[in-house]
Every structure is written in structure tokens, then in C-alpha cells.
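Subject: Model handover

Hello,

Here is the structure we talked about. Please load it before reading on.

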Amino acid sequence: MIPDKPPKEDVFHGSEDLKKQAHIPSFEKYKELYVKSIENPDEFWGDIAKDFFWKTKHTGQFLDYNFDVTKGEIFVKFMEGASTNISYNLLDRNVHEKKLGDKVAFYWEGNEPGDELTVTYRELLQRVCQFANVLKSQGVNKGDRVSIYMPMVVELVVAMLACIRIGAVHSIVFAGFSSESLCERIMDSQCSLIVTADGFYRGDKLINLKLLADEALQKCRDKGFPVEKCIMLKHLSKGAEETSLGSQSPPAKRPCPDLQVPWNPKVDLCWHSLVREASDECEPEWCESEDPIFILYTSGSTGKPKGVLHTVSGYMLYTATTFKLVFDHQPDDIYWCTADIGWITGHSYITYGPLANGATSVLFEGLPTYPDVSRMWEIVDKYHVTKFYTAPTAIRLLMKYGSEPVQKYKRESLKVLGTVGEPINPEAWQWYYTVVGERRCPIVDTFWQTETGGHVLTPLPAATPMKPGSATFPFFGVVPAILNESGEELEGPSEGYLVFKQPWPGVMRTVYGNHQRFETTYFKKFPGYYVTGDGCRRDKDGYYWITGRIDDMLNVSGHLLSTAEVESALAEHEAVAEAAVVGRPHPVKGESLYCFVTLTDGVTYNRTLEAELKKQVREKIGAIATPDFIQNAPGLPKTRSGGSIWTLDRSQCPP
């Protein structure tokens with residue numbers, strides 16, 4: 001499963017100081033703990049559980065499960081009999097037991113440079129209790145679902161932690177989604193209340209969020225599901241005296257006093273007015289280990305999003321442990337994950353994992369290229385960021401502008417770099433490692449999913465030698481396998497379907513309201529295994545390489561090709577900043593490769609370059625992978641955090 005000894009180290013993987021302080025200081029220690037986590041999970045996770053508060057201890061079996069649909073219903077149960085509250089463990093425990101009340105929980109950095117806020121653990125606890133009391137006053141009870149549709153502001157964290165403090169289930173919808181998407185998610189999860197904001201800026205673009213929320217609520221009413229309450233935060237239209245975070249919170253640098261905010265007095269409530277009247281003390285609701293904590297929607301092959309449901313104890317322990325070990329978290333770290341909380345990365349590695357470890361994080365509202373392409377590195381220097389976690393798409397985007405915008409800033413504080421969201425192509429990895437990290441920071445290239453709750457394949461700083469583009473080895477408690485089309489496990493170097501043989505604490509428990517879909521999507525194809533839907537290659541050294549979604553595989557003349565692999569080959573050319581590959585129907589081959597490339601600044605697209613790119617793919621993968629069509633695309637759509645949202649349909653390909 002993993003090698004007895006690490007392969008010869010080809011890539012530097014940590015300073016001597018990092019190796020001395022690392023939680024997992026060597027490959028041998030990693031191997032020892034990994035074996036323990038598989039052979040004796042009760043003891044392994046039981047030791048970790050001792051660091052948290054439990055209202056009642058677990059009884060009976062520590063971990064019970066069935067992954068085989070032929071033997072009955074799929075289930076995972078972790079620490080049955082235990083009860084706790086995640087909000088208590090993230091806030092009260094840090095403030096009262098660990099004496100971290102004055103420690104900064106978040107440095108909030110707004111869209112505009114200079115728009116900033118500092119929030120301590122004590123202040124965060126007070127605000128969470130206040131808003132928890134607000135929710136209770138509006139009739140929200142344990143088990144009720146609350147939809148949250150907000151920009152990257154501190155109040156978003158407050159809202160989600162207030163939900164879990166009273167045992168409610170939050171369903172966060174990314175603020176870049178449309179009103180139709182919001183309506184669909186509200187109705188699927190049967191939310192009783194929505195929390196939103198008036199609006200926000202994404203770079204220069206103004207987003208009227210309240211208008212979108214109102215459209216979604218009208219769509220819900222039209223479909224027979226009225227939502228009675230909408231709590232709105234004044235973000236752009238607020239004055240300093242109105243904010244729930246006290247006099248420390250400045251008015252936005254780009255306020256919009258004339259922002260047209262629709263208001264329905266029968267439904268709408270003002271965040272600030274409600275909080276002003278609320279007590280800052282709220283007893284937590286003690287929840288059973290397998291009670292739900294949140295629903296987060298992810299795309300499905302049917303087109304209808306799946307409501308991935310996570311539960312209390314397992315998710316808390318897994319995000320806390322992965323954050324601590326994968327980023328080698330130390331008490332004096334300043335950590336920055338550039339993702340949006342509307343995605344699972346923001347749930348696990350902005351809110352839950354960092355706060356469970358008493359970490360100080362940067363919470364960023366803006367874009368990586370606004371107001372200029374040096375913004376990220378300016379923030380790194382401003383807050384002395386030590387651990388930095390971002391998407392390969394953002395790295396490739398910034399590569400396009402060269403090294404000068406990076407080297408304007410010192411970045412001397414950086415110790416560990418991370419990537420998330422997609423496989424990183426080796427060229428982007430090398431640029432990140434050489435230019436951003438100056439060859440002194442290990443890169444943790446993490447593979448995981450909304451469904452897994454946290455990292456499942458990842459390097460560990462100082463412990464595992466790195467290979468550019470590889471997710472490396474499994475995290476503790478995770479047992480991967482590679483299957484062929486017949487469901488047979490492949491040994492040694494091999495390529496096929498990536499599956500997992502047993503659960504870990506943070507794995508999803510079901511698709512909300514549709515357990516049959518959960519079983520069909522993840523367990524039916526290969527009974528006895530959790531099916532990730534991703535292709536994977538294992539090399540001779542035992543390293544795992546994600547080759548892309550199985551449904552992103554193209555059948556060209558009977559050969560399966562990974563779009564991610566072709567994209568990586570194109571992006572390795574010095575003229576290419578980013579690439580996207582889709583299939584196009586072909587009368588002979590079945591499918592052909594249609595490629596879109598975004599070029600680096602100053603490069604002109606011509607026939608010579610096109611020939612070079614085709615040659616590059618042919619040389620990297622083989623003649624069968626030679627693109628039939630390459631089109632220059634000046635820019636691919638991006639999310640707020642720099643992640644690609646390229647979802648081109650074949651019908652958009654020119655004839």
C-alpha cells in the first residue's frame with residue numbers, strides 16, 4: 001500500500017527548522033502511525049479525541065460501517081454514544097481552557113486594500129452567541145436547516161458557528177451562484193430561514209446579493225415553498241455604528257450608500273438590529289456524534305446537485321487532525337487559505353480545522369488579481385503568512401504575469417505551501433516551488449472531495465519526499481486501492497479507478513434526503529468500496545497521481561484519455577498559461593480533442609505555435625492524444641478565489 005522505505009529524495013521537502021518542529025518528522029514515523037491508524041483505529045482516533053471536550057463519552061464500538069451494497073444499507077457510525085458541540089470545542093475551549101481569548105482568530109482583508117478587521121477568539125465567541133440567540137428568537141431549533149448566502153465576511157463564519165451552537169444544520173451556498181441555484185438548494189434542504197447580505201464587490205464588479213436572494217425566495221414561493229424569514233447583513237451600506245463587531249469594524253472602503261436594497265417587511269430582518277438586542281451568552285446544544293452538522297451541495301452527473309451531509313464528531317476530529325498535520329500547524333503560525341467558504345475547502349480549512357487548533361487565519365474577500373496581480377504576495381507580507389493554501393488554477397493565472405509581481409515582496413515568512421481543487425501540472429508546481437517558495441517551502445498537494453470532508457491523499461511536510469504533481473500517500477485511516485473496469489484490485493504500478501476500502505471519521509454519511517442516490521453514486525459500481533469517481537495512477541514508488549474525473553475521460557479511437565493529462569501537457573509549454581480540454585464528436589474516432597489555451601503575456605497565437613503544442617502533447621502522451629483542434633482563449637472563467645469554473649459544453653465548440 002505504501003512503501004517500506006521512501007524513494008530516493010529528488011525534491012527538497014523542508015528546512016532543518018521545519019524538520020525539528022514537525023509533528024511527523026520522518027517517513028518512518030509516518031509509516032508507523034499510518035499502520036496504527038489502519039490496524040487499531042479505535043486507539044488512534046481515541047487518542048486524538050482526548051484533546052476535545054465530550055459531554056458524554058462514546059460507548060460500544062468506536063467505528064462501525066458497511067461499504068458493501070450487497071450486504072445491506074450503506075452506513076458509517078463513529079463514536080456512538082458520544083455527545084459534544086463543535087462550537088464549544090472551537091471557541092469556548094480555546095477561550096476558557098486554553099486561554100486563547102486574546103489571540104487573533106481572523107485577520108479579515110476586504111476587497112479593497114486597507115479594508116481590514118481583526119477578530120479575537122473571545123470576540124468571535126461573543127458574536128457567535130449573539131447570533132445563536134438571534135436564530136433561536138426567530139424559531140430556529142435543533143435539526144432545522146438554515147441557508148447562508150453571503151460574501152467572505154466575518155459574519156459568514158459567525159452565522160455558520162451560530163447554527164451549530166444551537167444544533168441547527170447550515171447549508172452554505174456560494175455567493176457566486178445564481179438565484180435559481182440558490183432556490184434549488186433551499187428547497188432541496190427545506191430551509192426554514194435564509195441569511196444573506198446587501199451586496200459585495202468582487203474586484204470592480206458590484207454584486208447585489210439581496211436582489212438575487214429575493215429572486216430565489218420568489219422562485220421558492222412560486223413553487224409552493226415560502227421561506228418566512230430572511231436576515232440581511234448590511235455590508236456595503238453599513239455605517240461603522242451599525243456593525244455587529246463593534247467599533248473595530250470600519251465602514252467599507254468602497255461603501256454604496258445608494259445601493260438599491262429590496263426590502264419586504266413581512267420577511268426581511270436586519271442583522272444589526274437583531275444582534276443589538278441579543279445576549280452574548282448562549283449555552284450550546286449538546287449533539288449526538290452522528291447528528292448532522294451541515295449540508296453542502298456538489299455537482300452530480302444527473303445535473304441535479306447532491307446535498308452532501310456531514311456529521312458532528314467524525315468531521316470535527318478529521319478536519320482538526322488533517323489541518324494540524326498536513327500544514328504542520330504551530331502555535332505562532334499565520335495561516336491563509338484563499339478559498340471561498342461556499343466550497344468545502346472553506347468549510348474544512350478556513351473555519352473548522354483552523355479554529356479547532358486555535359489557529360490565526362487570514363480571511364480574504366477579494367480577488368488574487370485586484371487591484372493588481374501582486375495582491376496575494378502583498379497580503380503574505382502584511383500578515384507574515386507562514387502557511388499558504390491555494391488552487392492550481394490561481395497559480396497558473398499568476399504564472400501568466402511572470403515572477404516580477406511576486407518578487408516585489410519578500411515572502412520570507414512562508415514555510416509551507418499547499419494546493420487544492422485539482423491536480424497541479426508539474427510546470428505550475430515548479431513555478432510555485434521555485435518562484436513563490438524560493439525552493440525552501442515544501443508543497444502539500446492535497447487530494448480530497450466535498451464527500452471526503454478532508455484530505456485523503458497528501459504529502460506531509462518533512463515526512464514524505466515530494467514529486468511534482470503527485471498527491472503522494474494516503475492520510476491516516478485512509479486505505480486506497482486502484483481497480484480495473486472489472487472491479488479487480490491492481491497491485492504495484494497501475495492505473496484505473498481510485499476507490500477507498502474503509503471509512504475514515506470525516507467521510508460523508510449520505511446525500512440529504514436521498515440515501516439511495518448516495519448508495520448508487522458512491523457504492524453500487526464496485527460493492528465493498530467507496531468510489532471517488534476519479535482515475536488514478538500509482539507509480540513504482542507507491543505514489544498516487546490523480547488523472548482526473550472518470551467522467552472527464554475521453555474515448556478516442558477506443559483509447560481512454562484524461563482531459564487533465566492533456567491539459568497538463570499543454571500547460572507545460574512556456575507559451576501557455578492555462579488550458580482546458582473537452583471532447584468533440586468525431587465521425588471516425590468517436591471523440592476528438594478540442595483544446596482551449598490561454599497564452600502568457602506578449603505571446604501571439606499562430607500556426608507555428610499550434611504545431612508546437614500538438615507536438616508537445618504527442619511527445620508527452622502519445623500520437624493518439626494529438627489535439628484535432630486548438631483555439632486561443634484569452635481568458636477562462638474564474639471563481640472569486642481564482643479557481644476555474646470552465647464547464648464548456650460540446651455545443652459551444654465551433655463547427
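Below are the notes on the model, starting with confidence and ending with helix packing.

This is a predicted model: local features need pLDDT of at least 70, side-chain atom pairs count only at pLDDT 80 or more, and totals for chains, interfaces and linings use all residues. Residues are numbered from 1 along each chain as its sequence is written, and side-chain values use heavy atoms, with hydrogens and water left out.

Confidence

pLDDT is the predictor's confidence in each residue, from 0 to 100. Its mean over the protein chain is 89, and 89% of the residues reach 70 or more. Two stretches need care. Residues 243-249 have pLDDT below 50, with 21 contacts in the model beyond near neighbours in sequence. A contact means heavy atoms within 4.5 Å. Residues 638-655 also stay under 50, and there the model has 52 contacts beyond four places in sequence.

Overall

The protein chain has 18 helices and 32 strands. These are DSSP runs, numbered from the N terminus: helices are H or I with at least four residues, strands are E with at least two. Of the 655 residues, 63% are buried. Buried means under 20% relative accessible area, with a 1.4 Å probe and protein chains only. Among contacts with a separation of 6 or more, 73% join residues 24 or more positions apart.

The seven-stranded sheet

This sheet is open and mixed, in the order S5-S4-S17-S16-S18-S19-S20. Strands pair if DSSP finds at least two bridges between them. S5 and S20 (443-445) are the edges, each pairing on one side only. The twist averages 20° from one strand to the next.

At one end, S4 (residues 104-109) and S5 (residues 116-120) are antiparallel over five bridges. Tyr-107 stands opposite Thr-118 in S5. The two strands make a hairpin with six residues between them, and Gly-114 in the turn has a positive phi of about 95°. Helix H5 (residues 121-137) lies across S4 and S5, at about 85° to S5. Such angles run from 0 to 180 degrees between N-to-C directions; axes are lines fitted to C-alpha atoms, for helices over the stretch in contact.

Further along, S18 (residues 387-390) and S19 (residues 416-419) run parallel, joined by four bridges. Tyr-389 faces Gly-418 in S19.

The four-stranded sheet

This one is open too, ordered S23-S24-S26-S27, with antiparallel pairing. S24 (residues 494-500) and S26 (residues 530-538) share six antiparallel bridges. The bridge partner of Glu-495 is Arg-537 in S26.

Helices

How do H3 and H10 cross? The axes of H3 (residues 41-49) and H10 (residues 312-326) come within 11 Å and cross at roughly 85°. They are therefore roughly perpendicular to each other, a label that covers 65 to 115 degrees. Trp-45, Ile-48 and Ala-49 of H3 meet Leu-317, Tyr-318 and Thr-321 of H10. By class, that contact has five nonpolar, one polar and no charged residues. Nonpolar covers Ala, Val, Leu, Ile, Met, Phe, Trp, Tyr, Cys and Pro; charged covers Asp, Glu, Lys and Arg; the others, Gly among them, are polar.

In H12 (residues 375-383), the buried residues are Arg-375, Met-376, Trp-377, Ile-379, Val-380 and Tyr-383. His-384 follows H12 and has a positive phi, near 55°.

Best wishes

Technical notes: Parallel < 35°, antiparallel > 145°, perpendicular 65-115°, else oblique. Buried < 20%, exposed > 50% of the residue type's maximum accessible area, 1.4 Å probe, protein only.
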